[in-house]
Amino acid sequence: MTTETITADASGTFALGDLPVRRIGFGTMRLTGSAAFHHGTPSDRQRSLAVLREAVGLGVNHIDTAAFYFSALRSANELVNTALSPYPDDLVIATKVGPYRDYHGAWGPSARPDELRGHVEENLRQLGRDHLDLVYLRRMRQDSIAEHFGALAELRSAGLIRHLGISAVEPRHLAEALRIAPVVSVQNRYALDRPDPAGDELLRLCGEHGIAFVPFYAVAGEAAERGATAAHDDAVLSVARAHGASPAQVRIAWTLHQGPHVLAIPGTGNPGHLAENVAAGALRLTDGELARLDQARGQAGGPRRRG
């Protein structure tokens, strides 16, 4: 498929609370290096800044980031601040708190509830904001998220956070959070090559509640933080050939077809891949192609509503 003049408008819109965003967004994890976190080599700073500016130029108004997205030389939040500040009025920046990495890049223990304010304030400082549009509580193996989510709800009441989300959760955690405060978005690992009945149930519940469902590693697949997967099954390759598209574009399109409340946040440090990812929002798959992709995923059960 051609990528010329295709912008994020082609993907449609969905509201994160009172903040409308285009369904194709941008994840900043891959801006800091050839692979995320401490993997790979640090990115070229000017190219990363250019990719961010081009993303907004292509109509992307939903940026997903985190203070713990950094490599030896690059910080995703600093790049976002430098490239995009002063921020466009319609730009929504989402970040995550809970996990922690020290200055050497090593992962530390999950934050206690009383430490979350510090995480929020660090994101505010790095991004140059007086409030955060959307903050996800990234669950780190806690059985209950009530105390942590309650701490973020207090920061929302104090005006530091506009909207709340949860990440890496099970359906029961969504019910738990909704008893405390409104949830506008759920961000979980979810991909075409990763059968996940609990994820399917969570996706369904989000649709019923009008909550955005935002998959991560939808393009990376099993390669996860190391980058986009190069392993594509015959169904993906066949659909890609039929549309003159790349396998990554098919994976993004499949993600968006899971429901009108599903958003995509593919990340890249490559300007060419950025245009390709955004253009995937215009790719429309047929019912037959979706059925073939679902079958390849090993999905069971009845038909699901499509977006």
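Visitor: Where does Arg189 lie?

Guide: In this predicted model, Arg189 lies in strand β8, which covers residues 185-189.

Visitor: Switching to helices, at what angle do α5 and α6 cross?

Guide: The axes of helix α5 (residues 171-178) and helix α6 (residues 197-209) cross at roughly 30° and come within 9 Å. Since angles under 35 degrees count as roughly parallel, α5 and α6 are therefore roughly parallel to each other.

Visitor: Which residues meet there?

Guide: From α5, Pro171, Leu174 and Leu178 take part, and they meet Ala198, Glu201, Leu202, Leu205, Cys206 and His209 of α6. By class, this contact of α5 with α6 has seven nonpolar residues, one polar and one charged.

Visitor: What about α7 and α10, parallel or antiparallel?

Guide: The axes of α7 (residues 234-243) and α10 (residues 287-297) come within 9 Å and cross at roughly 160°, and α7 and α10 are therefore roughly antiparallel to each other. The crossing in which α7 passes α10 is left-handed.

Visitor: Which residues make that contact?

Guide: On the α7 side they are Asp234, Ala235, Val236, Ser238, Val239, Ala242 and His243, and on the α10 side Glu289, Arg292, Leu293 and Ala296. The residues of this contact of α7 with α10 divide into six nonpolar, two polar and three charged.

Visitor: How many residues are in the largest nonpolar core?

Guide: The largest nonpolar core has 72 residues, and those with the most contacts inside it are Phe26, Val120, Leu152, Ile166, Leu174, Val186 and Leu293. Helix α8, residues 247-256, gives the most to this core, with six residues. Leu174 also belongs to the contact of α5 with α6, and Leu293 to the contact of α7 with α10.

Visitor: What is Leu152 in contact with, leaving aside its neighbours within four places in sequence?

Guide: With those neighbours left aside, Leu152 is in contact with Val97, Leu116, Val120, Val135, Tyr136, Leu137, Ile161 and Leu164.

Visitor: How many residues does the second, separate core have?

Guide: That second, separate core has 13 residues, including Val21, Val92, Leu134 and Val214.

How values were computed. Residues numbered from 1 in each chain as written. Predicted model: local features only at pLDDT ≥ 70, side-chain atom pairs only at ≥ 80, totals over all residues. Heavy atoms only, no water. Axes fitted to C-alpha atoms, helices over the stretch in contact; angles between N-to-C directions. Helix = DSSP H or I, 4+ residues; strand = E, 2+ residues; numbered from the N terminus. Parallel < 35°, antiparallel > 145°, perpendicular 65-115°, else oblique. Left-handed = near helix turned anticlockwise from the far one by under 90°. Contact = heavy atoms within 4.5 Å. Nonpolar A, V, L, I, M, F, W, Y, C, P; charged D, E, K, R; others polar. Core = buried A, V, L, I, M, F, W, Y, C linked by side-chain atoms within 4.5 Å. Buried < 20%, exposed > 50% of the residue type's maximum accessible area, 1.4 Å probe, protein only.
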